Amino acid sequence: MTTLHRRRFLTGAAAAATLTTAAPFVAPVFAGAATSTPLTDVTPSDGRYEDLRRGTNQRFTGSPQRIRVATEPRHVVQAVQDAHDAGRRLVVRSGGHCYEGFTTSTDVQEVLDLTQMQDVSYDPAHRAFSVQPGALLGQVYDRLYRRWGVYLPAGNCPTVGAGGHIQGGGYGSMSRRDGLAVDHLYGVEVVVVGGDGKARLVTATREASDPNRDLWWAHTGGGGGNFGVVTRYLLRSEGVSGADPGTALPTPPQSVHLSEVAWPWAQLTEERFARLMWNHGTWHERNSAPDSPYRNLFSQLKPFHKSNGHVVLDSLIDAGTPGAEAKLDSYVQAVGAGLGITPERRQHRRIPWLHAVQWPGFTGPDPTVRFKGKSVYARRTYTDAQVAAAYRHLTRDDYHNPSALLMIASYGGRLNAVASDATAVAQRDSILKYQVVSMWNDATDDDANLAWVRACYRDMFAGTGGVPAPNATNDGCFVNYADVDLDDPQWNASGLSAHDLYYGKNLPRLQRAKARWDPTGFFSHAQSIRPAGTSRTASTK
């Protein structure tokens, strides 16, 4: 098998008011209105087509009839209206980091590309920052910090687009400290299609008096491609008053301590591996409360397949935390306690925060590779059966890929200070979020890598139907790590749908929002939300 020789991998309220399927009262933006610049259409004869029909995951290559590159909200309205009127299947892409082929399935006729909508600015009318969907997280961090000294606690991968990331929840290395990205989402500007078939631009906010508030709520974790096309996010933390942009969002750490250590597989017996995993899980059980003195610490434990040679622990802590460096050292020692192995200390240093957002210990995948990931929310440490299954698959001799691993991220802290129905993210009592994942280069290796990921995941959760069905230990799956296997009975025997695993008890409310804001079902993909009582019609390819 041709393998990819890389050590690191990514990361990526009360019930709504009475809802109807009638088009809500909004200010329309007519698709026929003149625009300052025309939409750019890229067709198969265009030299750009080969690049623009792909996302980050090279397993999937689309064949749309055209790709429409928007640069302003009017373009989005026009593209949506044109596709609706022509009966064409339209999908939307911002950063292109979708785990599955939702924007590349064979029935997709048009792709609406939002990559050129990258504005990051301050909107005084809403007293909030305005971020367009094509802005990459690295750009968002850079612009917010350099001009205003603030930040959004979002993802670790700087090449992920804000468009899909935020509406799926948005978590990263500072989320234990300051919550999810959606915990700071004040509003959204969205192009929707009403029951009258007209595309309209709607603004929805978290204000209790806003008649469109349910549309805002749906975008606080409801996932991309479900309700409309976001043309900008409005960001302002809860409880902020006044018009000073410097107080509208949190202030990031001035600097952080970074650490990377590694334990060699050559010294990890099954007993030692189990001890390492239990140390790690138990530490998070004890130190993930919203007021924990360790809430400013984040890490990723990466047990790679043994062909890589190591199990790696990458960690970060806000250097302004009292006793920060001692806390970081204490954490690393706790994870390795009792193993009888001195880990390899690869780095331990202090660097400014803005530089740290580019640190390769947490950044995302090479955009030229193929990958598959399957996600888990964990409420407590790993079970004996989960550890045994992970060890068995990580040490298989019939499979060799140094870039296959468990990617286990710290969760909890301030993430768990929010009620499970305050946003659409239902998982608010987890301590870890992780995925079973593999990366590789060649299509000829697809079958072997997909089989390994699926078998490892199935066996780790054999006791709950092959998936992390909610119980005392697990709490479902992460919508931004889309996984079509969750709708396949071969890999999910739990009796729960992908929607149950992604959204939990918030699913009915999301279905009501879908019925109101997308009554014709124009926005769809293989796992898109459908109104209650309806069948899914989107392609599952």
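Q: What does L406 touch, not counting residues up to four places away in sequence?
A: L406 touches M277, L301, K302, P303, A390, L394, Q435, V436, C456 and M460. Contact here means heavy atoms within 4.5 Å. The model is predicted, so local features need pLDDT of at least 70 and side-chain atom pairs count only at pLDDT 80 or more, while totals for chains, interfaces and linings use all residues. Residues are numbered from 1 along each chain as its sequence is written, and side-chain values use heavy atoms, with hydrogens and water left out.

Q: What makes a set of residues a nonpolar core, and which residues have the most contacts inside the largest one?
A: A nonpolar core is a set of buried Ala, Val, Leu, Ile, Met, Phe, Trp, Tyr and Cys residues joined through side-chain atoms within 4.5 Å. Buried means under 20% relative accessible area, exposed over 50%, and partly exposed in between (1.4 Å probe, protein chains only). The largest core has 122 residues, and F129, L144, W263, L406 and M460 have the most contacts inside it. A second, separate core has 18 residues, among them A70, A83, A199 and L201.

Q: Why is the pair of Y99 and Y481 called stacked?
A: Rings of Phe, Tyr and Trp (its six-membered ring) pair if their centres lie within 6.5 Å; planes under 30 degrees apart count as stacked, over 60 as edge-to-face and the rest as tilted. The rings of Y99 and Y481 are 4.9 Å apart centre to centre, with 15 degrees between the planes, and the pair is stacked. Y99 lies in the loop between β3 (90–93) and β4 (110–113), and Y481 in the loop between α11 (446–460) and α12 (498–503), so the pair ties together parts that are 382 residues apart in sequence. Helices (H or I, at least four residues) and strands (E, at least two) are DSSP runs, numbered from the N terminus.

Q: Why is the pair of Y141 and W353 called edge-to-face?
A: Their ring centres are 6.0 Å apart and their planes stand at 70 degrees, so the pair is edge-to-face. Y141 belongs to helix α3 (residues 137–148) and W353 to helix α9 (residues 353–356), so this pair ties together parts that are 212 residues apart in sequence. Both Y141 and W353 are buried.

Q: What makes R509 a charge over the face of W217?
A: A charge sits over a ring if NZ of Lys or CZ of Arg is within 6 Å of the ring centre and within 35 degrees of the ring normal. R509 lies over the face of W217, at 3.8 Å from the ring centre. R236 lies over the face of Y186, at 4.1 Å from the ring centre.

Q: How do you know that β1 and β2 pair?
A: Two strands pair if DSSP finds at least two bridges between them. β1 and strand β2 (residues 66–69) have three bridges and pair in the antiparallel sense. The bridge partner of D41 in β2 is R68.

Q: Why is one side of β1 and of β3 left without a neighbour in the sheet?
A: The open sheet has four strands in the order β1-β2-β4-β3, with mixed pairing. β1 (40–42) and β3 stand at the edges with a single partner strand each, so one side of each has no neighbour in the sheet.

Q: Why is helix α13 described as largely enclosed by the rest of the structure?
A: Nine of the eleven residues of α13 (residues 507–517) are buried, so the helix is largely enclosed. Its buried residues include L507, L510 and W517. The buried residues of α13 pack against β7 (185–193), β8 (199–205), α6 (213–218) and α12.
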